[in-house]
Amino acid sequence: MNQSNNDNMNALKINNLDKVELDVSALDSIDEGLISRYYSADRLLPIMAATLKYIDRRIENGLMLPYFTDISLETWQHKIKALDIYITDKTEGRELNLEARGKDYATNILSYPSDLPVAIIDLVPTLPLGELIICHEVVVREAGEQDKPVAQHISHLLVHGMLHLLGFDHELGQAEQDEMEGFEIEILASLNLPNPYLPNT
(Lines give C-alpha, C1' and ligand atoms only; values in the text may rest on other atoms or scores of the structure.)
Protein backbone atom coordinates (compact mmCIF):
# COMPACT_ATOMS: atom_id res chain seq x y z
CA MET A 1 0.00 0.00 0.00
CA ASN A 2 1.46 3.37 -0.95
CA GLN A 3 1.82 6.37 1.38
CA SER A 4 -1.24 8.09 -0.04
CA ASN A 5 -3.39 5.07 0.74
CA ASN A 6 -1.86 4.86 4.23
CA ASP A 7 -2.71 8.52 4.85
CA ASN A 8 -6.25 7.94 3.66
CA MET A 9 -6.65 4.92 5.93
CA ASN A 10 -5.35 6.90 8.91
CA ALA A 11 -7.84 9.67 8.19
CA LEU A 12 -10.58 7.07 8.04
CA LYS A 13 -9.57 5.72 11.43
CA ILE A 14 -9.47 9.15 13.06
CA ASN A 15 -12.78 10.36 11.61
CA ASN A 16 -14.61 7.07 11.60
CA LEU A 17 -17.93 8.46 12.85
CA ASP A 18 -17.83 11.00 10.02
CA LYS A 19 -17.60 8.14 7.54
CA VAL A 20 -20.83 6.37 8.48
CA GLU A 21 -24.52 7.08 8.00
CA LEU A 22 -27.33 5.25 9.72
CA ASP A 23 -31.06 5.33 9.08
CA VAL A 24 -33.29 3.53 11.60
CA SER A 25 -36.98 2.98 10.91
CA ALA A 26 -39.58 0.70 12.45
CA LEU A 27 -42.95 -0.91 11.98
CA ASP A 28 -45.67 1.54 13.04
CA SER A 29 -46.66 -0.61 16.02
CA ILE A 30 -43.14 -0.52 17.51
CA ASP A 31 -42.97 1.83 20.51
CA GLU A 32 -40.86 4.96 19.90
CA GLY A 33 -39.47 4.71 23.42
CA LEU A 34 -38.09 1.28 22.60
CA ILE A 35 -36.39 2.68 19.50
CA SER A 36 -34.81 5.57 21.39
CA ARG A 37 -33.65 3.24 24.18
CA TYR A 38 -32.07 0.51 22.07
CA TYR A 39 -31.68 1.73 18.48
CA SER A 40 -30.71 5.39 18.66
CA ALA A 41 -27.89 6.64 16.45
CA ASP A 42 -25.88 7.47 19.58
CA ARG A 43 -25.97 3.79 20.53
CA LEU A 44 -25.53 2.18 17.14
CA LEU A 45 -23.17 4.47 15.23
CA PRO A 46 -20.14 3.66 17.42
CA ILE A 47 -20.74 -0.07 16.86
CA MET A 48 -21.04 0.48 13.13
CA ALA A 49 -17.88 2.62 13.12
CA ALA A 50 -15.92 0.06 15.18
CA THR A 51 -16.92 -2.71 12.79
CA LEU A 52 -15.78 -0.75 9.76
CA LYS A 53 -12.58 0.36 11.47
CA TYR A 54 -11.75 -3.28 12.21
CA ILE A 55 -12.55 -4.31 8.63
CA ASP A 56 -10.36 -1.48 7.30
CA ARG A 57 -7.41 -2.78 9.32
CA ARG A 58 -8.00 -6.27 7.97
CA ILE A 59 -8.20 -4.91 4.40
CA GLU A 60 -4.78 -3.36 4.95
CA ASN A 61 -3.55 -6.89 5.64
CA GLY A 62 -5.12 -8.39 2.53
CA LEU A 63 -8.69 -9.20 3.55
CA MET A 64 -11.10 -9.25 0.60
CA LEU A 65 -14.73 -8.32 1.12
CA PRO A 66 -16.77 -10.96 -0.73
CA TYR A 67 -19.52 -8.53 -1.80
CA PHE A 68 -17.18 -5.65 -2.67
CA THR A 69 -14.36 -7.32 -4.58
CA ASP A 70 -14.87 -5.08 -7.64
CA ILE A 71 -14.62 -1.82 -5.69
CA SER A 72 -11.23 -0.13 -5.57
CA LEU A 73 -9.50 0.44 -2.26
CA GLU A 74 -9.71 4.19 -2.90
CA THR A 75 -13.48 4.03 -3.41
CA TRP A 76 -13.90 1.94 -0.27
CA GLN A 77 -11.79 4.35 1.78
CA HIS A 78 -13.36 7.59 0.60
CA LYS A 79 -17.04 6.71 0.45
CA ILE A 80 -19.28 7.25 3.44
CA LYS A 81 -20.76 3.86 4.36
CA ALA A 82 -24.55 3.91 4.73
CA LEU A 83 -26.65 1.38 6.63
CA ASP A 84 -30.41 1.04 6.97
CA ILE A 85 -31.94 -0.71 9.98
CA TYR A 86 -35.59 -1.64 10.27
CA ILE A 87 -37.13 -2.83 13.55
CA THR A 88 -40.08 -5.20 13.31
CA ASP A 89 -42.26 -7.54 15.37
CA LYS A 90 -42.62 -11.32 15.35
CA THR A 91 -45.51 -11.38 12.88
CA GLU A 92 -43.80 -9.38 10.18
CA GLY A 93 -40.44 -10.92 11.08
CA ARG A 94 -41.85 -14.38 10.43
CA GLU A 95 -43.28 -13.29 7.08
CA LEU A 96 -39.99 -11.74 6.00
CA ASN A 97 -37.94 -14.76 7.09
CA LEU A 98 -40.28 -17.09 5.20
CA GLU A 99 -40.03 -14.94 2.09
CA ALA A 100 -36.24 -14.46 2.27
CA ARG A 101 -35.04 -17.83 3.59
CA GLY A 102 -38.01 -20.19 3.40
CA LYS A 103 -38.03 -20.51 7.21
CA ASP A 104 -41.40 -20.19 8.90
CA TYR A 105 -40.42 -18.37 12.11
CA ALA A 106 -39.23 -14.95 13.17
CA THR A 107 -35.45 -14.74 13.40
CA ASN A 108 -33.31 -12.20 15.25
CA ILE A 109 -31.82 -10.43 12.23
CA LEU A 110 -32.08 -10.56 8.46
CA SER A 111 -29.45 -9.08 6.16
CA TYR A 112 -30.16 -7.60 2.74
CA PRO A 113 -26.93 -6.52 0.99
CA SER A 114 -27.18 -3.52 -1.31
CA ASP A 115 -25.71 -5.47 -4.24
CA LEU A 116 -25.21 -2.28 -6.28
CA PRO A 117 -22.95 -2.41 -9.35
CA VAL A 118 -19.64 -0.57 -9.12
CA ALA A 119 -20.73 1.85 -11.86
CA ILE A 120 -23.61 3.03 -9.64
CA ILE A 121 -21.51 3.17 -6.46
CA ASP A 122 -18.99 5.38 -8.28
CA LEU A 123 -21.76 7.89 -9.01
CA VAL A 124 -23.33 8.20 -5.56
CA PRO A 125 -21.81 10.01 -2.56
CA THR A 126 -22.32 7.12 -0.17
CA LEU A 127 -21.59 3.42 -0.35
CA PRO A 128 -24.80 1.64 0.70
CA LEU A 129 -24.02 -1.51 2.67
CA GLY A 130 -27.64 -2.67 2.68
CA GLU A 131 -30.41 -3.17 5.20
CA LEU A 132 -30.65 -5.08 8.46
CA ILE A 133 -34.07 -6.11 9.74
CA ILE A 134 -34.16 -6.78 13.47
CA CYS A 135 -37.03 -8.52 15.24
CA HIS A 136 -36.86 -6.93 18.67
CA GLU A 137 -39.11 -9.50 20.36
CA VAL A 138 -36.78 -12.31 19.29
CA VAL A 139 -33.75 -10.31 20.42
CA VAL A 140 -35.27 -9.80 23.88
CA ARG A 141 -36.15 -13.49 24.18
CA GLU A 142 -32.65 -14.58 23.14
CA ALA A 143 -30.99 -12.12 25.51
CA GLY A 144 -33.03 -13.60 28.36
CA GLU A 145 -32.14 -17.16 27.35
CA GLN A 146 -28.46 -16.22 27.16
CA ASP A 147 -28.59 -14.25 30.42
CA LYS A 148 -27.17 -11.10 28.88
CA PRO A 149 -28.38 -7.49 28.59
CA VAL A 150 -30.57 -6.75 25.58
CA ALA A 151 -28.30 -3.87 24.50
CA GLN A 152 -25.28 -6.19 24.54
CA HIS A 153 -27.09 -8.73 22.36
CA ILE A 154 -28.12 -5.99 19.92
CA SER A 155 -24.48 -4.89 19.68
CA HIS A 156 -23.46 -8.42 18.73
CA LEU A 157 -26.27 -8.75 16.18
CA LEU A 158 -25.37 -5.43 14.57
CA VAL A 159 -21.76 -6.56 14.09
CA HIS A 160 -22.95 -9.97 12.89
CA GLY A 161 -25.40 -8.42 10.43
CA MET A 162 -22.87 -5.96 9.06
CA LEU A 163 -20.43 -8.78 8.36
CA HIS A 164 -23.18 -10.54 6.41
CA LEU A 165 -23.70 -7.35 4.39
CA LEU A 166 -20.00 -7.42 3.48
CA GLY A 167 -20.36 -11.01 2.25
CA PHE A 168 -19.16 -13.12 5.16
CA ASP A 169 -21.35 -16.16 5.82
CA HIS A 170 -21.03 -18.59 8.72
CA GLU A 171 -23.38 -21.04 7.01
CA LEU A 172 -20.92 -21.87 4.20
CA GLY A 173 -18.74 -24.13 6.35
CA GLN A 174 -16.70 -24.42 9.53
CA ALA A 175 -13.81 -22.29 8.26
CA GLU A 176 -16.17 -19.47 7.31
CA GLN A 177 -17.98 -19.77 10.65
CA ASP A 178 -14.69 -19.63 12.57
CA GLU A 179 -13.54 -16.60 10.56
CA MET A 180 -16.77 -14.68 11.06
CA GLU A 181 -17.02 -15.49 14.77
CA GLY A 182 -13.38 -14.45 15.21
CA PHE A 183 -14.13 -11.09 13.60
CA GLU A 184 -17.16 -10.60 15.85
CA ILE A 185 -15.23 -11.44 19.02
CA GLU A 186 -12.43 -9.00 18.16
CA ILE A 187 -14.78 -6.17 17.12
CA LEU A 188 -16.84 -6.53 20.30
CA ALA A 189 -13.65 -6.65 22.40
CA SER A 190 -12.68 -3.28 20.87
CA LEU A 191 -15.96 -1.98 22.30
CA ASN A 192 -15.21 -3.57 25.69
CA LEU A 193 -17.95 -6.14 25.16
CA PRO A 194 -17.52 -9.83 26.03
CA ASN A 195 -17.20 -12.79 23.70
CA PRO A 196 -20.81 -13.47 22.64
CA TYR A 197 -20.12 -17.18 22.19
CA LEU A 198 -19.20 -17.76 25.83
CA PRO A 199 -21.88 -17.99 28.52
CA ASN A 200 -22.24 -14.87 30.68
CA THR A 201 -20.66 -15.39 34.07
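Patches are made of residues with over 30% relative accessible area and no salt bridge, with like charges joined within 9 Å and nonpolar side chains (Val, Leu, Ile, Met, Phe, Trp, Tyr) within 5 Å. A salt bridge is a side-chain nitrogen of Lys or Arg within 4 Å of a carboxyl oxygen of Asp or Glu. Accessible areas come from the Shrake-Rupley method with a 1.4 Å probe, and for residues only the protein chains shown count as cover.

The model is predicted: local features need pLDDT of at least 70, side-chain atom pairs count only at pLDDT 80 or more, and totals for chains, interfaces and linings use all residues. Residues are numbered from 1 along each chain as its sequence is written, and side-chain values use heavy atoms, leaving out hydrogens and water.

On the surface, Leu116, Ile120 and Leu123 form a nonpolar patch with about 290 Å² of accessible area together. Leu116 counts as partly exposed, at 36% relative accessibility (buried is under 20%, exposed over 50%, partly exposed in between; 1.4 Å probe, protein chains only).

Four aromatic pairs are found in the whole structure. Rings of Phe, Tyr and Trp (its six-membered ring) pair if their centres lie within 6.5 Å; planes under 30 degrees apart count as stacked, over 60 as edge-to-face and the rest as tilted. The table gives two of the pairs.

| Pair | Centres apart | Planes at | Type |
|---|---|---|---|
| Phe68 and Trp76 | 5.6 Å | 55° | tilted |
| Phe168 and Phe183 | 5.3 Å | 85° | edge-to-face |

Phe68 and Trp76 are both buried, and so are both Phe168 and Phe183. Tyr54, Phe168 and Phe183 form one aromatic cluster.
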